Structure formats: structure tokens, C-alpha cells
Amino acid sequence: MDFQLSDDQRALRSGMRDLLGAVFDRDRLRAAVERDGALDRSLWRELGAAGFFALRLPEEAGGVGLGLPEAVLLFEEAGRALLPGPLVATHLAAGLVKGAAEGEAVVTAVAADQPVAHLAEADAVLVADGQASGLPGETEGAEVLSGEALRAFVAAAGPVRSMDPLTPLHRAPAGAALAGAGRVSASEGFRTASERTRADAERAPAATERAPAHAGRFRFEAALLTAAEQLGSAARTTEAAVQHAGDREQFGSPIGSFQAVKHLCADMLARTEPARAAVYAAAVTGDPVEIAAAKLLADEAAVGNARDCLQIHGGMGFTWEADVHLHLKRAWLRAASWLTGAGAEELLAAGLGTAGRLPRSSAAYGRPVPEAGGGG
Amino acid sequence: MDLAYTEAEEEFRGRLREWLAAVLPGLPAKPSPDDWPARRAYDTTWQRMLYDAGYAGLHWPVDAGGQGATPTQHLIFLEETEKAGAPYVGANFVGLLHAGPTIAAEGTAGQRARWLPPVLRGDEIWCQGFSEPDAGSDLAALRTRAVRDGDDYVVTGQKIWTSHAEVADWCELLVRTDPDAPKHRGISWLAMPMDAPGITVRPLRTLAGSTEFAEVFLDEVRVPASCRVGAENDGWRVTMVTLSFERGTAFVGEVVACRRTLDALADEARRTGRWDDPVLRRRLGRLNAEFRALWRLTQANVSESERTGGVPGVGGSVFKLRYSGVRQELYEAAAEVLGADAFDVDREWVLDRLSSLSYTIAAGTSQIQRNIVAERILGLPKGR
């Protein structure tokens, strides 16, 4: 067992951080805010060229040939930098939708009754199966809409004035996601959806080689990668809070010297590190219950840390100018995406119980009170 | 990132499991929690069995009589013994996890030869005389005085929260040997024989009703100067060195136990029908996430110390801060599963709920842990 990043993984992560520092610095972040999150296609292609979307495609299919643990590291960096765009959907569409792997195509996704991000700019839409435990057999647990079907879908969707200035949103046509593409086809004339998926899969053999490990794999991978973004955001807002608490002086001292403030910062780290362990472990095992734990804890870390960061920034934290609201709004949106707190908790509850396990002998007596540390 | 155990690690686990399966059925019945001599006998018997099987001092260095196991082997040992329901370290705690490692690191050859083998064999029990009524979180403010008189120190003062004091042979004692020096620089570390004249042990009853620890009154107790470990007035550093034996494994058994409790709570809730309450169900689900993450964080911390050669990170404070709060939440959920039975102290988990109230206090309060995390990890300035 060696549950630490390998040297290659560290290099991958720092490479991604350097890249984002170069192509998406704060000026470009604020420029993206000013244009309401409209995507920068050249940045999208740069991400494609860097292997962000093709990371997990086999090398013979033009991909990088790495796995979920590496993908999680890249998405963590994206979350730190508040990188806009349907990153998760386009990454999952690599090998399934032409141009996604290269960053030539923008692919978004629709699931349940969640709003759809970047729909007007999308070249294709992935429609996730209705249920996380849905029947296996469909390609990756998602169907693809493009061409005529996509145009009809967009026409039926209503634009939303998005709370998150980095994520333009549409309300999905009623019933679209819950039923999956099949029902959408029947009611709205998107008959080509399933056929298109199969055709794309044939064009990109890589997609079919990645056989689903379990039903609803698409949704779980989307949840995990979203959790990784949340983790990056949680770590970033912790840094921002600590920075501000060290710089800002009141009563003649840095506010970070006051326990009321420093304890908020400590709690931020105590949210981030368990979430990090959960996200990384879920990336290694790919286990659905472990992914649910990762998503639940990373959501809480991202939202809780952004709120504490805002609080520590005082009045500045309530302004448009400070970046912290961008983290909080994005964290709220991600928390409502793919696997919500309620859904994760139910999955985790279903995973409890001793059924099928060996009973334990009861030789140990009750624990003495001071356990580790021994009292005294 | 690799969560798979190596062949050698799995072999170690397999041998340990076989041994546990062979010996645990032959253990005597567990004693009553308030029968201290019986508890001591039970705990030392178990330690002797570990010693005879080559598992004593697993994580101690070989030159101290230990097995020199890797942090991962230690993790496996703690995980498997807990899963098998083996006895807890109990009365051997201070000797194996604090005083022993301190002597191994800082003692003379003679001191190591005198004190370490009996700890490993389960022949001698140690207790810890650190905290005082006016020196808790601010431990270095301790006032128990030791005045040199010939070959002895004469020690007078009061210690508190001393676990196993009634049955201990030795006490690792922090005393003030230079009252004029800055508070961290006038402290010495002594091994005090608990049968010396002038020692009075008064058990303290906890809110759970049992006597888990004691007050120890010291009235001109003579301790030979040869029982001082490290230089005079260097006791603070000597004590802190032992923290380097903490390799991220401090809470392994407890996290394993908490996960088992969570499974049992789910079983019980399903049996009684309370499982149909989505609020309770989701509460247990969220605790599942918490303890799974704490288990993974433990594995990460152990792997880190394996890479750094056993040097501890301050990450233990992050872990303890989160864990102690979550463990209290576990027993709040247990009370909800129990319903009206939550007030019957003979029901499982009820005493645990009471005991859990100490977790955010013992071994550094959560407020002190937050200071450590904020100042030593995040680099925030010291202050109020």
C-alpha cells in the first residue's frame, strides 16, 4: 500500500497548475465573468492539446492512456482555477463524440431535473440514464444528442439568468433527463439518439473498450470528477482565507491571530483533507459507495469553505470584485449536480449493515475513556 | 496512489489472522470495568501472549527490543486485532505508546535495559503524570516541584487525569526542576516508582460512572536521580520527542470499531423499523462517508510516514479534530436508533455515548487542535 501521489502524478498536477496559470490567470478569469461565462474556444483547444479531455483514452485511440486518479488531479486543478466550461461532460465524451478528445467539440450533459450548462455553445449533449442504478447495457450509461436532435433539444430548452456568472444555464425540456434519450426521442422526435451513440462508438473503438464497470458508470464518474473540482475549490478558498487573515489587520493585529478567525481556517482544512482522501481513494477503487462519500464530503468542503472564506473577508467578501462569490456559486451548482447530498447519503446508507459478514467475537471490554493520548 | 497491499503485507496479515483465530477463543472472560486488578491481569496476560508470539512492540525499533515493523504493518496489526475482537492495549497504553518510546529514544543503555523489556513482556504497567489542576492545555505551566537532595529528587505536587494509576508500577512524571527558567526550560522527565512513600492515589469518577483515571498527590516523594531520562531541565523536549513515534496509526482501531458500530446501528434500525425514517437513514449514510474518509485519511497518513521514515506530520491534529467530533455524532445517531432505550445504561452504545464526550477534550482539546492546525500547518500568527 502506498496511498500517496507518485512522482508522475505530482508532475502531472503541477504541470496542469502551471498551464492554467499561463492560459487562465486572474485577468482571464475576470474577463470570462464579464462575458457571462461564454467559452473561449481557443482555450478549450489548448486544454484538448494538453490532454485534458483525452486523458483516459487509450494511447492507440489517440489518448493519453491514464486513469481516474490522474483525471481527478486535473479536475482538482480546474476547480482551483475556477476554469469554466462543461469540463466533466466533454472529458466523458472523449472517444464518444467526435472532436471532444481534441477540444474541438464542446459537449455538455443533462441529468435529472438539473439545469444544463453551456447548452447554446454545445456541439453535443450527453443525456445520462435516469437512475444511478439503471440497467447496464447502454453505452457508458449515457446517450448522445447532436445535429438535428441537438437543435431540437436546444429549441425546447429555456434559457435561465444564471446565478453563476461563469456558467450560462438552460432549463432542460421537461422529462428529458429522467427518461433518458429514448423517451426524449419518442416525444420530441429525437429518434436518432441511440443509433448515433452506436455509430459514434464504432467510429471510436476506445469507447467500447472501456466497458462499464457497473451500471450507471457514466453518472458515477461524472460525480467523482465534479467532486475533484469541489476539492480544488475547497483548497483554494482555504488558501485565500488564510492569506487574507494574515494580511488584514484590526485592533493592531492580523485578524488571523484571533482564535475566532483562526479556528474557522482550521475547520476549513479539517473539511478539505478528509474530502481529499475520499476523492483520491474513490478514484483508485471506482467504487460507487466510495464515490458517494467523496461527492458528499467534497460538496460540503467546497460550499462550507467558500462560505467561511467569504465571512473572513468581511465586507469585501460580499463584493462582486472579490473572487470568493465565484467559488461559492460554482460550488452550489456542482453540489446540485450528478449526485446530490440526499442521493449520496441514501447510497451510503444502503451500503451499511453486517448482512453477509462474519460476526465478531466480543473479547474486548468497553473502551477506557481517554483512548489515544492516554490521559494523565 | 496504490491502495493494494503488497504480497509481504498480505502475508503478514494472513499469519496474524491465523494466530488470532487460534488464541482468542482461549482468552479468559473479560473483567468488570471497575475491577482494576482484574483489568490489569487481563491486559498484561494479553501483552504476554503478544510477546510470546513475536508481536510485542511491533512498531518499536529493533534495538529497543521491538519488531521494527513498517507503519503499514502496524496499521494492519491494529486493523486485524480490532476486527478479530482482540483486547485493547488497555493498561499497557502508556508503557507501549509513550513512556517506553521515550525511554527508547532518550534513555541510557542501562535505563533501556531496566525498563523496556518488562513493558514488552507485560510485566510492568506505566501511568502518565503530566496534567495538573492548573496545567491542562497549558501543560508547560506545571508546578509539581522536584528538589535535588543528594542522589534523589524530592517531589511535591499534584497530578490529575492519570489513567491506570491504581495498578501502575511506574509513572512517567513531568516535574519543575528550575522554577526560575522560562516555563518550557525548567522541566525534567522522571520515572517514579508508584510504591514510593508519599504517593496518594485518589480515583476520579467520570460522568459515565466508572473510575477511569485518578488524582495523584505527591508529598515529598523521593525519586532517585538515576530515574531521570534526558538532561535536567530538558524534559519538555524529551517528552515531545516521543510524538515522533506517532505515525498516523493512533486511531486505527477506533475507526475500525466505529465502522463496525455503524453497521450494527443500521442492522438494529432495520430490525426495529426506524430505518424507514429517511432523516435517520441519511444521518447514518453521512456518517458512513465520514468514517470511510477517515479510514482513507489514515491510510494516507501511514503511507506518508512510511515515505518519510516515520517522521510525523502535524496532520494528526487535522485527523483528531475531525474524528473526535464525528465520533460524538455517531453516538448521537445511536441514541436515535435506540429511541426510549437510549436512557438505559445497560443497553449497548449508551455508555459509549457518555464516554464519547471526552473525545473532544482528552489528548488536546478540539480548541487546542484548531490552534495547532491554524498556526503550525496554515502558518497563521500566534495570538489570542
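Reader: Which residues of chain A does UniProt assign to the feature "domain: Acyl-CoA dehydrogenase/oxidase N-terminal"?

Author: The unreviewed entry places that feature at residues 6–92 of chain A. UniProt positions follow the numbering used here, feature names are shortened, and annotations may be inferred rather than shown by experiment. As for conventions, residues are numbered from 1 along each chain as its sequence is written, while chains are lettered from A and ligands numbered from 1 in the order in which they are written. This is a predicted model, where local features need pLDDT of at least 70, side-chain atom pairs count only at pLDDT 80 or more, and totals for chains, interfaces and linings use all residues.

Reader: What makes up residues 6–92 of chain A, in helix and strand?

Author: The span is 63% helix and 0% strand, with its end C-alpha atoms 24 Å apart. Helices (H or I, at least four residues) and strands (E, at least two) are DSSP runs, numbered from the N terminus. On chain B, the UniProt annotation with that name, also from an unreviewed entry, covers residues 6–123. There the chain is 64% helix and 0% strand, and the end C-alpha atoms are 35 Å apart.

Reader: What about the other annotated domains: where does UniProt put "domain: Acyl-CoA oxidase/dehydrogenase middle" on chain B?

Author: At residues 127–220 of chain B, again from an unreviewed entry. That span is 0% helix and 51% strand, and its end C-alpha atoms lie 19 Å apart. Over on chain A, UniProt's unreviewed entry has "domain: Acyl-CoA dehydrogenase/oxidase C-terminal" covering residues 224–348. That stretch of chain A is 80% helix and 3% strand, with end C-alpha atoms 15 Å apart.

Reader: How do you know how confident the predictor is in each chain?

Author: Look at pLDDT, the predictor's confidence in each residue, from 0 to 100. Chain B averages 94, and 97% of its residues score at least 70. Chain A averages 84, with 80% of the residues at 70 or above. In chain A, pLDDT stays under 50 over residues 131–139 and also over residues 177–215. For the model as a whole, the scores are ipTM 0.94 and pTM 0.90.

Reader: Why is helix 12 of chain A called roughly antiparallel to helix 14 of chain A?

Author: Helix 12 (residues 288–312) and helix 14 (residues 324–335) of chain A cross at roughly 155°, with axes that come within 9 Å. Axes are lines fitted to C-alpha atoms, for helices over the stretch in contact, and angles run from 0 to 180 degrees between N-to-C directions. Angles under 35 degrees count as roughly parallel, over 145 as roughly antiparallel, 65 to 115 as roughly perpendicular and the rest as oblique. Helix 12 and helix 14 of chain A are therefore roughly antiparallel. Their crossing is left-handed (the near helix is turned anticlockwise from the far one by less than a right angle; clockwise would be right-handed).

Reader: What makes the contact between helix 12 and helix 14 of chain A, by residue class?

Author: Ten nonpolar residues, one polar and three charged. Ala, Val, Leu, Ile, Met, Phe, Trp, Tyr, Cys and Pro count as nonpolar, Asp, Glu, Lys and Arg as charged, and the others, Gly among them, as polar. On helix 12 of chain A, the residues include A:Asp299, A:Val303 and A:Leu310, and on helix 14 of chain A they include A:His327 and A:Trp332. Two residues are in contact if their C-beta atoms, placed from the backbone, lie within 7 Å.

Reader: And why are helix 1 and helix 3 of chain B called roughly parallel?

Author: Helix 1 (residues 7–23) and helix 3 (residues 71–83) of chain B cross at roughly 30°, and their axes come within 10 Å. Helix 1 and helix 3 of chain B are therefore roughly parallel. Helix 1 of chain B passes helix 3 of chain B in a right-handed crossing. Among the residues making the contact are B:Phe12 and B:Leu16 of helix 1 of chain B and B:Ile76 and B:Phe77 of helix 3 of chain B.

Reader: How many residues of chain B are in contact with chain A?

Author: 81 residues of chain B touch 62 residues of chain A. Helix 8 of chain B gives the largest share of chain B's side, 17 residues.
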